[in-house]
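Trainee: Hi! Could you walk me through this one from the start?
Mentor: Happy to, here it is.
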Amino acid sequence: MENTNKDYQYHYSYLLKVMKQYIREYDGQMAYFDGQSTFELLEGAPFINLDISQLEERFARPLAQQILLSWIWEKFVKKNSEDRKKATQKRVLVDEAWMLLPYPEAVDFLNKMARRARKRNVSLAIVSQRFQDFYEKPEAQAVLTSSDTKLFLAQDKSEIQYLKEVFKLSEGEANFLVTCQKGEGLLKVGSDSAILKIMPTRKEFEFVETNLNQIAKRNNA
């Protein structure tokens, strides 16, 4: 830094302090961001899970989200259409999508995926338990309403009015969603609706189980 103006010294020192947290040389707390990714695309793998749930929530996780979203678009979506003869059907699933909504760049990514990914033979699936967050952010509603296929599971009475308004649910559909049992849901494809019951196989249930007590019980069995 060639500028020796004392008025800037505080800002320089603060910037250096922040940057050191991301540099291996200085043993920064988030130095795992310092370096090129060694992750390979794993062509042919049926499922790739990018899990950042264990990262620190205030700074590390939002930063990791932006890095991963950029990687997914450039390396997973765009690369799929480089050779149209070899382009395969792919899907990007974003779980707990409501956590992305406070970040404009992440919302922009979801909108871009919803509008532009399909021409690259890639589809977007959004999973969220908190619809009100989408309702309160109009720029994020387009991500959901542009989807032709929607699956609604049991809903809380406090949110059903928002769902009725945005997705044009009938009174009967809305009443079903606040009274249905575990595993039951409403599937809407275009203007058609159907009630269904989801019954996963034992192997599928082991894969999606998140109850720590059940997981511990299974591991000790």
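Mentor: Let's begin with aromatic pairs: rings of Phe, Tyr and Trp (its six-membered ring) pair if their centres lie within 6.5 Å, and planes under 30 degrees apart count as stacked, over 60 as edge-to-face and the rest as tilted. This is a predicted model, where local features need pLDDT of at least 70, side-chain atom pairs count only at pLDDT 80 or more, and totals for chains, interfaces and linings use all residues. Residues are numbered from 1 along each chain as its sequence is written, and side-chain values use heavy atoms, with hydrogens and water left out.
Trainee: Are F131 and F167 buried or exposed?
Mentor: Both are buried, meaning under 20% relative accessible area, while exposed is over 50% and partly exposed lies in between (1.4 Å probe, protein chains only).
Trainee: What about F152 and F167?
Mentor: Their ring centres are 5.2 Å apart and the planes are at 70°, so that pair is edge-to-face. F152 is in strand β3 and F167 in helix α6, so parts 15 residues apart in sequence are tied together.
Trainee: What covers the buried residues of α6?
Mentor: The cover includes α4, α5, β3 (149-152), α7 and β4 (184-189). The buried residues themselves are E159, I160, L163, K164, V166 and F167.
Trainee: Switching topic: how many residues has the largest nonpolar core?
Mentor: It has 33, and V77, V92, M113 and F167 have the most contacts inside it. Such a core is a set of buried Ala, Val, Leu, Ile, Met, Phe, Trp, Tyr and Cys residues joined through side-chain atoms within 4.5 Å.
Trainee: And where does N80 lie?
Mentor: N80 is in the loop between α2 and β1. N80 is buried, with a relative accessible area of 6%, and its side chain reaches the backbone oxygen of T88 at 2.8 Å.
Trainee: Which residues is N80 in contact with, leaving aside its neighbours within four places in sequence?
Mentor: A87, T88, K90, R120, N121 and V122, where contact means heavy atoms within 4.5 Å.

Definitions and conventions
Helix = DSSP H or I, 4+ residues; strand = E, 2+ residues; numbered from the N terminus. Polar contact = N/O pair within 3.5 Å; in protein donor to acceptor, adjacent residues only side chain to side chain.
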